[in-house]
Amino acid sequence: MRLSFYNTLSKSIQELNPVKDGTVSIYSCGPTVYDRAHIGNMRAFLFADVLQRTARVIGGYDVRWVMNITDIDDKTIRNSTDGGERWHSGMGKHTSDPKHNLAAYTQYYEARFIEDIATIGILRSHMIAMPRATDYIPAMQDLIRLIHQRGFAYVADGSVYFNLTAWQRADTYGKLFKVDAENFREGVRIDADEYERDSVSDFVLWKGAKDGEPSWDFEIDGVNVPGRPGWHIECSAMSKVLLDVPFDIHTGGVDLRFPHHEDEIAQSKAGYGVEPAQFWCHNEFLEVEGKKMSKSLGNFFTLHDLTSQGLDALDIRFAMLSAHYASVYNFTFDGIAAARKARMRVQEFIYDVWSAAGTQSADVAALRDAVFGELATDIHTPKALAQIFSFINKADGASYNAETRLAMLAFLEELNGIFAVWHIGERPAEEAEVIPEFILALAERRLNAKKQRDFAAADALRAEITAAGYTLKDTKDGYTIERG
RNA sequence: GGUUCCGUAGCAAAGUGGCUAUGCAGAGGUCUGCAAAACCUUUUACAGCGGUUCGAAUCCGCUCGGAACCUCCA
């Protein structure tokens, strides 16, 4: 099936025509590993995951997916340098070597990040690489030299800047975002003046070294300017090395549209001569209980916070997929509970189909076309789910004949290759819970009372069982007991 | 101040000119001694005010409310 996505470059939904037939290359802006990822971050990575899974399952492409790890920036440097309260015992010893401290600090959170994405159903094995910025410094330096050679960069006060004025004479700046330089907020302009650069709009490619901060030697234009890479240059260089340019799709949160992605386009084209990506896809933010997520409002959650509270990460994944990626998603605890019930309804259908041994048939091909058609058009997960529920509402999975059963299971397997929140298989046997003897004895006494139609006694005994923390449910000719 | 986007039932979330979205919750029912579970049926919408149109949640204008970006926040 052909895929189409909303492209921020064209501001319209466009059909995907991969640069290389049969292969889709995707670069996703990954985390800055200065802390645990929060659920807003997770939404961005989840979007990229569903995008790449859609390309695999529905597009039938061989997917080359890269998600970078930004392991050097102001925050990681600040937090790793002082060795204060931000320094965790799991990071090892704080030393006098800034590079060692930075690596120890960021690798701790990188490991947490890999745990978190696994928890929410993102497979590390789906990525061909998860490059760390600090491992690609030479490639970044090469790119900066290229930009400089072509006249779009200059060295000033120990740093290297992109010369936007020169670039704007050669190409468009503002492909993703209409930039109105005359109307930058005044406060920002004042702040920007603190930098030594020719124009307020010039951005840094290479930041000159400061005392006590990690730095790398860098020879450019015959001089050595020790320092570290600017933020935007990381993605330009790593995407070129790992995917080559141009590649197909670049993903990230809406906040990265400008300046990060705009600058990335300018740099890549200034240095390599081509724009990095055909498609730029941006996910919207999430809010929590209708409010912007922020630490001061007390509604700031990491995935780890939520799973520690007993929430199932798959319910969080499913809940996020019940909204379109390009609209603001309102995260609520009620919403997670509702998502769980909805998810379980589909799961029950899957179990029914698995054990089906009936005579009915169903048009699985039509269902597949309907559901995948929605996903193939800008990954419209809510519409796809509506199709699924509408079908399930009318279906009796347990009554399918052998042929329909196999076709449906094949479809569900594919579907779960994208949603990744279900178990395609047999309904698990009831876990053999150990019910204490006295509870079993109470239940037996109740059954006898019930048989003798002494319902007052039966209800009293059931109340005792409930009070002891067990739930008794009657069945046709007996009962079940479970904890809770 | 500039540039964008959004406001849909109790909650969440699709729909962008006529046609039941969907999920959770609620209500009624089947089953049951009663519950629970399951299943069936079903109520409640388009922020407000104008306009365009045979017809507007959908297009246009204004008002109100919310969000993002405007130099390193997903």
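## A residue to start with

Is Asp244 buried or partly exposed? It counts as partly exposed because it has 15 C-beta neighbours inside 10 Å, and a residue needs 20 or more to be called buried. Keep in mind as you explore that this is a predicted model.

The loop between helix 7 and strand 12 also holds Pro246. A cis peptide bond joins Val245 to Pro246, with omega at about -5°.

## The whole chain

Now step back and take in chain A as a whole. The domain assignment gives domain 1 (4-283), domain 2 (288-419) and domain 3 (437-483). Between the C-alpha centres of domain 2 and domain 3 there are 36 Å. The C-alpha atoms of chain A fill a box of roughly 100 × 55 × 35 Å, taken along the principal axes.

The secondary structure of the chain comes to 16 helices and 18 strands. Chain A has 484 residues, and 39% of them count as buried. If you take the contacts with a separation of 6 or more, 75% of them link residues 24 or more positions apart.

Which strands make up the open sheet with the order 5-4-3-12-13? The order itself names the five strands, and their pairing is parallel. Strand 5 (127-129) and strand 13 stand at the edges with a single partner strand each, so one side of each is left without a neighbour in the sheet. On average, neighbouring strands of this sheet are turned by 30° against each other, direction ignored.

Let us walk across the sheet from strand 5. Strand 4 (residues 62-67) runs parallel to strand 5, and two bridges join them. Here Val66 has Ala129 in strand 5 as its bridge partner. Further along, strand 3 (residues 23-28) pairs with strand 12 in the parallel sense over three bridges, and Tyr27 stands opposite His250 in strand 12.

## Strand 12 and its surroundings

Strand 12 (residues 247-253) is mostly covered, with six of its seven residues buried. Six bridges pair strand 12 with strand 13 (residues 277-283), again in the parallel sense. In this pair, Phe247 stands opposite Ala277 in strand 13. To get from strand 12 to strand 13, the chain passes through helix 8 (residues 257-272), and this β-α-β crossover is right-handed.

Helix 8 contains Pro259, and the peptide bond from Phe258 to Pro259 is cis, with omega near 0°. Another helix to look for is helix 7 (residues 231-243), which lies across strand 3, strand 4, strand 5 and strand 12. Helix 7 runs at about 150° to strand 4.

## The nonpolar cores

The largest nonpolar core has 108 residues, and Leu51, Ile144, Ile147, Ala153, Phe162, Leu205 and Leu375 touch the most other members. Helix 1 (residues 39-57) gives the largest share of this core, ten residues. Why does this core lie between domain 1 and domain 2? The reason is that domain 1 (4-283) and domain 2 (288-419) both give residues to it.

Leaving aside its neighbours within four places in sequence, Ile147 is in contact with Phe152, Ala153, Phe162, Leu205, Gln267, Ala270 and Gly271.

Helix 2 (residues 74-82) has Thr76, Ile77, Asn79 and Ser80 as its buried residues. What covers these buried residues includes helix 3 (98-119). Just after helix 2, Gly83 takes a positive phi of about 65°.

Finally, visit Ile379 in the loop between helix 12 (364-376) and helix 13 (381-394). Phi of Ile379 is near 50°, a positive value in a residue other than glycine. Ile379 counts as buried because it has 27 C-beta neighbours inside 10 Å, whereas Asp244, with 15 such neighbours, counts as partly exposed.

Technical notes:
Residues are numbered from 1 along each chain as its sequence is written. Chains are lettered from A and ligands numbered from 1 in the order in which they are written. This is a predicted model: local features need pLDDT of at least 70, side-chain atom pairs count only at pLDDT 80 or more; totals for chains, interfaces and linings use all residues. Domain bounds come from an automatic or database domain assignment. Helices (H or I, at least four residues) and strands (E, at least two) are DSSP runs, numbered from the N terminus. A residue is buried if 20 or more other C-beta atoms lie within 10 Å of its own, exposed if 12 or fewer, and partly exposed in between; C-beta atoms are placed from the backbone. Two residues are in contact if their C-beta atoms, placed from the backbone, lie within 7 Å. A nonpolar core is a set of buried Ala, Val, Leu, Ile, Met, Phe, Trp, Tyr and Cys residues joined through C-beta atoms within 7 Å. Two strands pair if DSSP finds at least two bridges between them. A crossover is right-handed if, with the strands pointing away from the viewer, the path from the first strand over the helix to the second runs clockwise. Axes are lines fitted to C-alpha atoms, for helices over the stretch in contact, and angles run from 0 to 180 degrees between N-to-C directions.
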